Amino acid sequence: MTLLTWQEKVAAKQAEAWAKIPSEWRLPADILQQVESDKLDILDVPANCGILNNQELNITEIPDATALRDKLAAGELSATEVTTAFCKRAAIAQQLTFCLTETMFPQALARAKELDEYLKKSGEPIGPLHGVPISLKETFNIQGVPTSLGFASFLDRPPVGQNSALVDILLKAGAVLYVKTNVPQTMMTADSHNNVFGRVLNPNRRNLTAGGSSGGEGALVAMRGSLLGIGTDIAGSIRIPALCCGTVGFKPSVGRVPYGGQTSAGRPGMTGIAPVAGPLCHSMRDAEMLLRVVFDAPSDDMDDTALGFPWIEPSPSASKKLKIGILPEDPRVPLHPNMQRSLAKAAEKLAGAGHQIVDLSEQIKYIGAAADVSFRFFRIDPDQTQLQHIRNSGEPFIPSLRFTYDLEAKGPEPTLRDLFDLNVAKAEYAAKMRLVFLDNDLDVILGPGYQATAVPHDTFGVPNYTVLANLVDYPACVIPFGRSSETDDAAFVRSVNYVPPYVPETVEGAPCHVQLIGRRQKDEALVQHALIVEKVLRS
């Protein structure tokens, strides 16, 4: 029997994926040429390509998933017409940004038909997410669908035989699952790029990264090929695509959303920093909607790592005027002018709305050091299991892996003593963060999720500002706020070493953002605080 090369396996997988997009959903060559020559903005393609009819365009332009859910539950829209619209728009997004790995369009339409029939017979929706299309990161397992994680060496694996725990919860709630989304090689870099499914492009500017590791979700949600998607986060992998693509992203505390049953690139039994799953969406109320459903599900019956306690309604004081600490700048990665301006404006707006702002610059001086500890955890596997998956097929490493791994294995092998030391350091940072909240009586910390907006491909580097929340297991979220503007940002240019280099014309118009950090296992309070902040910033 002739063994296929990794290139031949990839070519076959790509041909299979292309064949699953109906011919009438494929973009005309002239549209693609206009995009390639920058004569047509990617975000404008769905309304101008002729694939979506007016009804489908209107459905996919509904402001958020909460509004869509309400229309479905009221019978104003059928699950079939909603699913058709989002399948078509997801297909458009894929052809422009390479955001998808697997499509389940026929299965999704069959599911939608079943939901419509149930609603017609019973007069009631099947669950709180009845008919809502939800996209999933590639790591999630759906019975009968392959999970390759973008590794050529995983392409020989058969379709999975069992759903992830969260998949079962979403299905029971009435959701329609229709696509899985693209990821980086190893899941451990902020550039969603692999040799199987290609590089995810940012819909706002194709020259910029879409973020990672849930970059396919970020691009798809920004393209409105999905109003609500699920990503995972171990160093910022929900929040980074959100800030790069201009969406909301919420990283819960460990154990609140079931993580079990996913396919992992890492070594089983890894310890240190635990990954979490959470939503990317268009509003904080969408994040709340999803988290309420999942928190209230019996997740501990499906996943031994899930805590299984329900949504805990925050006290009325959670909606009071907030006391907000400002996360200081890490001198190793100074804020770019666009983010410095955006954060200053956000603090000004919040203070103007009556919220108290607290300077934490003298109390948090360890952002970079905490990131160093975090990435030592990520490199603790002496066998480099994630890199071995790449070596197994002979495919090349993607460029951005250089920020995460010792690709040539020239450094000393990690020891058990190293792991003990890292656990001690992690506990020390957790104690420091707890005292920052308590000593200042803070409700929430506001700061950057990254020192810049999305940046050119393969330059994102280490996510110092997001991984802190992972290290100490605090919930955190990103909310889009403003856009990069060379004119407005000029007054904030400083004589500092910007990392990566600040080149204003390359990021013009890219989304800016704020990150909010709450207390561990107080996710509900962070949701309520974030709703307040979002309302002020959008006013």
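Let's start at Asp383, which is partly exposed, with a relative accessible area of 46%. In this predicted model, the side chain of Asp383 meets that of Arg267 in a salt bridge, 2.7 Å from N to O. Arg267 sits in the loop between strand 7 and strand 8 (276–281) and Asp383 in the loop between helix 13 (367–378) and helix 14 (385–391), so this pair ties together parts that are 116 residues apart in sequence. Arg267 counts as partly exposed, at 35% relative accessibility.

- The chain is divided into domain 1 (6–301) and domain 2 (323–379 + 414–538), and their C-alpha centres lie 26 Å apart.
- Domain 1 brings 44 residues to the contact, and domain 2 brings 52.
- About 3,700 Å² is buried between domain 1 and domain 2, with 59% of that area coming from carbon and sulfur atoms.
- On the domain 1 side, Leu243, Ile273 and Met284 lose the most area to domain 2, together 18% of what that side buries.

**Polar links and the domain 1 side**

- Between domain 1 and domain 2 there are three salt bridges and 28 residue pairs in polar contact.
- Helix 10 (239–245), strand 7 (248–251) and helix 11 (284–295) are the elements that give two or more residues to the side of domain 1 that touches domain 2.
- Helix 10 gives the most to that side, with six residues.
- The residues of this side divide into 21 nonpolar, 13 polar and 10 charged.

**Salt bridges to look at**

- The count for the model comes to 29 salt bridges.
- Arg199 and Asp458 join their side chains in a salt bridge of 2.8 Å, N to O.
- This pair links distant parts of the chain, 259 residues apart: Arg199 is in strand 5 (residues 198–199), and Asp458 is in the loop between strand 11 (444–447) and helix 16 (464–472).
- Both partners are buried: Arg199 at 19% relative accessibility and Asp458 at 12%.
- Glu362 forms a salt bridge with Lys365, with the closest N and O atoms 3.1 Å apart; Glu362 is exposed at 62%, and Lys365 is exposed at 59%.

**A stop at Arg520**

- You will find Arg520 in the loop between strand 13 (511–517) and helix 18 (523–538), where Arg520 is partly exposed, at 49% relative accessible area.
- Leaving aside neighbours within four places in sequence, Arg520 is in contact with Ser253, Val472, Asp473, Tyr474 and Pro475.
- Arg520 and Ala430 are 90 residues apart in sequence and 9.6 Å apart in space, C-alpha to C-alpha.

Terms used
Residues are numbered from 1 along each chain as its sequence is written. This is a predicted model: local features need pLDDT of at least 70, side-chain atom pairs count only at pLDDT 80 or more; totals for chains, interfaces and linings use all residues. Side-chain values use heavy atoms; hydrogens and water are left out. Domain bounds come from an automatic or database domain assignment. Contact means heavy atoms within 4.5 Å. Buried area is the accessible area (1.4 Å probe) that two parts lose on being put together, summed over both. A salt bridge is a side-chain nitrogen of Lys or Arg within 4 Å of a carboxyl oxygen of Asp or Glu. A polar contact is a pair of N or O atoms within 3.5 Å; within protein, one must be able to donate a hydrogen and the other to accept it, and residues adjacent in sequence count only if both atoms are side-chain atoms. Helices (H or I, at least four residues) and strands (E, at least two) are DSSP runs, numbered from the N terminus. Ala, Val, Leu, Ile, Met, Phe, Trp, Tyr, Cys and Pro count as nonpolar, Asp, Glu, Lys and Arg as charged, and the others, Gly among them, as polar. Buried means under 20% relative accessible area, exposed over 50%, partly exposed in between (1.4 Å probe, protein chains only).
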